[in-house]
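Welcome! Have the sequence and the model side by side, and let us walk through them together.

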Amino acid sequence: MNETTFTNHAAALAEHFADTEWLDLSPGRALLIRYWLGRGDSGALLHDCLDRLPWESPRIRLFGKEHPIPRRHAFVGDPQVTYRWSGLRQEAHPWTASLDAVRGRLDAAGFAFNSALVNHYRSGTDSMGWHSDRERELGDNPVVATISLGQERRLAFKRRDGEGRLSVSLPDGSLLLTSGAVQHHWLHQVAKSARQLDHRISLTFRYIYP
Ligand SMILES: O=C(O)CCC(=O)C(=O)O
Ligand SMILES: [Fe+2]
């Protein structure tokens with residue numbers, strides 16, 4: 001999906017919500033919809049994910065040393081979808097009914113995804129370092145939809161060329177849609193926090209080409 005199609009679909013979706021904000025991640029953009037899920041729905045989805053997903057903290061190699069990732073994650077998707085990421089090869093676990101329902105809502109808005117990498121930050125010490133999501137199998141325009149459940153956390157962006165920084169707080173029930181150009185020109189992270197923080201789950205929907 002190119003930038004124009006992304007903008008058109010996202011603008012059409014934004015019409016249906018009161019609390020929306022465009023983020024200038026030039027030459028890309030992102031749309032934040034703050035109450036995409038109602039409180040009850042997001043709470044039920046959070047607990048359903050905690051109970052049902054096959055959580056793991058795989059070890060990855062970073063700067064020559066192996067460490068478990070500082071959070072838990074689970075990869076779900078259509079049969080046979082495989083994601084190669086930081087030296088890992090992840091086969092999709094089957095959709096749960098609740099995640100498939102969320103996928104269906106995104107699909108109805110014109111955003112088609114065949115998988116979701118789900119992250120669980122157990123406290124302020126769980127985090128995700130600077131990276132972008134532009135592995136080859138995500139195609140040329142890797143649109144990502146991120147749904148946040150539970151504890152509000154800050155997602156920070158910095159441009160690869162040093163020419164910009166921005167950060168956004170992602171509240172419970174929010175949807176953040178990021179266009180493909182964002183992944184090519186910006187890095188993002190969820191930093192550790194010294195504050196006492198509760199659980200957060202992020203659902204990051206992606207389309208993975210075979
Ligand atoms: O938890 C988040 O909001 C960010 C997750 C992320 O960047 C990823 O899964 O690639
Ligand atoms: Fe990411």
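This is a predicted model: local features need pLDDT of at least 70, side-chain atom pairs count only at pLDDT 80 or more; totals for chains, interfaces and linings use all residues.

The protein chain has a secondary structure of 4 helices and 15 strands. Its radius of gyration is 16 Å, close to the 17 Å that the globule rule gives for 210 residues, so the chain is as compact as a globular protein of that length.

**The whole chain**

- If you follow the C-alpha trace along its principal axes, the protein chain spans about 45 × 40 × 40 Å.
- Of the 210 residues, 51% count as buried.
- Look at contacts in the chain with a separation of 6 or more: residues 24 or more positions apart account for 71% of them.
- The protein chain exposes about 10200 Å², and carbon and sulfur atoms supply 49% of that area.

- Helix α2 covers residues 39-52, which makes 14 residues. From its first C-alpha to its last it reaches 20 Å, close to the 20 Å expected at 1.5 Å a residue.
- Which residues of α2 are buried? They are S42, L45, L46, D48 and C49.
- Seen down the axis of α2, these buried residues fall within an arc of 170 degrees, so they line one face of the helix.
- The face turned away from the buried side carries the exposed residues R39, G40 and D51.
- What do the buried residues of α2 pack against? Their partners are α3 (97-108), β10 (144-150) and β15 (200-206).

**The nonpolar cores**

- In soluble globular proteins, nonpolar side chains tend to be buried together.
- Here, the largest nonpolar core has 33 residues. Those with the most contacts inside it are L99, L106, F111, I147, L175, L203 and F205.
- Helix α1 (residues 3-14) gives the largest share of this core, 4 residues.
- A second, separate core has 14 residues, including L23, M128, F157 and V182.
- Leaving aside neighbours within four places in sequence, L99 is in contact with L45, C49, L53, V76, V118, L203 and F205.

- S179 sits in the loop between β13 (175-178) and α4 (180-185). Is S179 buried or exposed? S179 has a relative accessible area of 0% and is buried, because anything under 20% counts as buried.
- Not counting residues up to four places away in sequence, S179 touches E3, F6, G28, R29, P142 and V143.
- L62 lies in strand β3 (residues 59-62). With a relative accessible area of 46%, L62 is partly exposed.
- L62 and C49 are 13 residues apart in sequence, and their C-alpha atoms are 28 Å apart in space.

**Two backbone details**

- Most residues other than glycine have a negative phi, and most peptide bonds are trans.
- The peptide bond from S26 to P27 is cis, with omega near 10 degrees. You will find P27 in the loop between β1 (20-25) and β2 (28-33).
- Q80, a residue other than glycine, has a positive phi, near 70 degrees. Its place is in the loop between β5 (72-77) and β6 (82-85).
- Q80 has 75% relative accessibility, so it counts as exposed: the cut-off for exposed is over 50%.

Technical notes. Residues are numbered from 1 along each chain as its sequence is written. Chains are lettered from A and ligands numbered from 1 in the order in which they are written. Side-chain values use heavy atoms; hydrogens and water are left out. Helices (H or I, at least four residues) and strands (E, at least two) are DSSP runs, numbered from the N terminus. The expected span of a helix is 1.5 Å times one less than its number of residues. Buried means under 20% relative accessible area, exposed over 50%, partly exposed in between (1.4 Å probe, protein chains only). The arc is that of the directions from the helix axis to the C-beta atoms. Contact means heavy atoms within 4.5 Å. The radius of gyration is taken over C-alpha atoms; the globule rule is 2.2 Å times the number of residues to the power 0.38. Accessible areas come from the Shrake-Rupley method with a 1.4 Å probe; for residues, only the protein chains shown count as cover. A nonpolar core is a set of buried Ala, Val, Leu, Ile, Met, Phe, Trp, Tyr and Cys residues joined through side-chain atoms within 4.5 Å.
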